[in-house]
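Q: Could you walk me through the terms used for this model, one at a time?

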Amino acid sequence: MRKNLKPWHLIAALIVICGGGLGSLYYFRTRAVSTPTAMVSCLPRSGAVLVYLDVKTLRDAGILDLLVGSKATEELEYRQFVENTGFDYRRDLSAIAGAFSQGSAHLVLRGNFDWKRMNAYAVAQGGTCNNSVCRVPGTNGRFTSFYPLRTNAMAIAFSQDEWAALDISPRRVPDEMAAPDQPIWISVTGPALRDVTALPAGARSFVSPLESARNITVAIGPTDNRLQVSLRVECPSDAAAADVVSQLQSATDLLRKMLARENMQPSPRDLSGVLVNGTFRREDRRVFGQWPMQRDFIEAIASGSVN
């Protein structure tokens, strides 16, 4: 027997449909910033250098203060920013994922944000906010734009495009995409390394073999009570991968011989002290490398005394 639909039946159906849709959207947006891989998937990636920092892990390990220096040395402008927005990266920032390309920077920040104060600060700096998306004019025709991906995640961009932050959005994470399980990493294509010129002495011979690679990922993380630099190189062929391993090993052997000829011992505070201990292996088209890193080297980086 056919039942007549009553108005409340339609209303209930609409509530169920809308509720399910909103629930799916909320679930998707939540997943979009919950892991390093998902944070990176929000970013525009074409030709970009990708960077990830687990700020909370670095803070808990005491490395963040080591790298950024004393709080007492912070500029007045930043202290005023903290006072007006309530946001201090030393305390409130948990993680950063960034994409850098053609003079633009797109970032996903995970942390604690007071959005009302953030928006008010943007307006006070001469910016505008529309539908939770803010943009603030900067120098040389550049803009800072930002909006909340969710309560504890910000999409922010620095670009000549005044609404560049809108290029950052939650996306489904590809099955083949996986970020390194380390608190610091950088991913770049081989050809992008050809433009890298500001390198410490001796480092160029380790970079040039990677210029033909499809992708290079360098990660830094703790292992056996010390830090370790890990390298993963995606090569176009098995032969290319074998050649990369050979060149990296040759560069390491040459560095060892040069130090021995000069009667020098590798210093843990010097880049040579890191590079000289590199080990490499190949799996088909992939090359893997490892360099142990002492805390002394991080201290040297922070003091600007790395050679």
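A: A residue is buried when its relative accessible area is under 20%, exposed when over 50%, and partly exposed in between, with a 1.4 Å probe and protein chains only. By that cut-off, buried residues make up 37% of the 307 in the chain. Keep in mind that this is a predicted model, where local features need pLDDT of at least 70, side-chain atom pairs count only at pLDDT 80 or more, and totals for chains, interfaces and linings use all residues. Numbering starts from 1 along each chain as its sequence is written, and side-chain values use heavy atoms, with hydrogens and water left out.

Q: What makes a run a helix or a strand here?
A: Both are DSSP runs numbered from the N terminus: H or I over at least four residues for helices, E over at least two for strands. The chain has eleven helices and twelve strands on that basis.

Q: How do you know that β8 and β9 pair?
A: Pairing takes at least two DSSP bridges between two strands. Strands β8 (residues 184-188) and β9 (residues 215-223) have five, in the antiparallel sense, so they count as a pair. One example is I186, whose bridge partner in β9 is V218.

Q: Why are β4 and β11 called edge strands?
A: The open sheet runs β4-β5-β6-β7-β3-β2-β1-β8-β9-β10-β12-β11, with antiparallel pairing. Strands β4 (128-130) and β11 (279-283) each pair on one side only.

Q: What share of the contacts with a separation of 6 or more joins residues 24 or more positions apart?
A: With contact meaning heavy atoms within 4.5 Å, that share is 60%.
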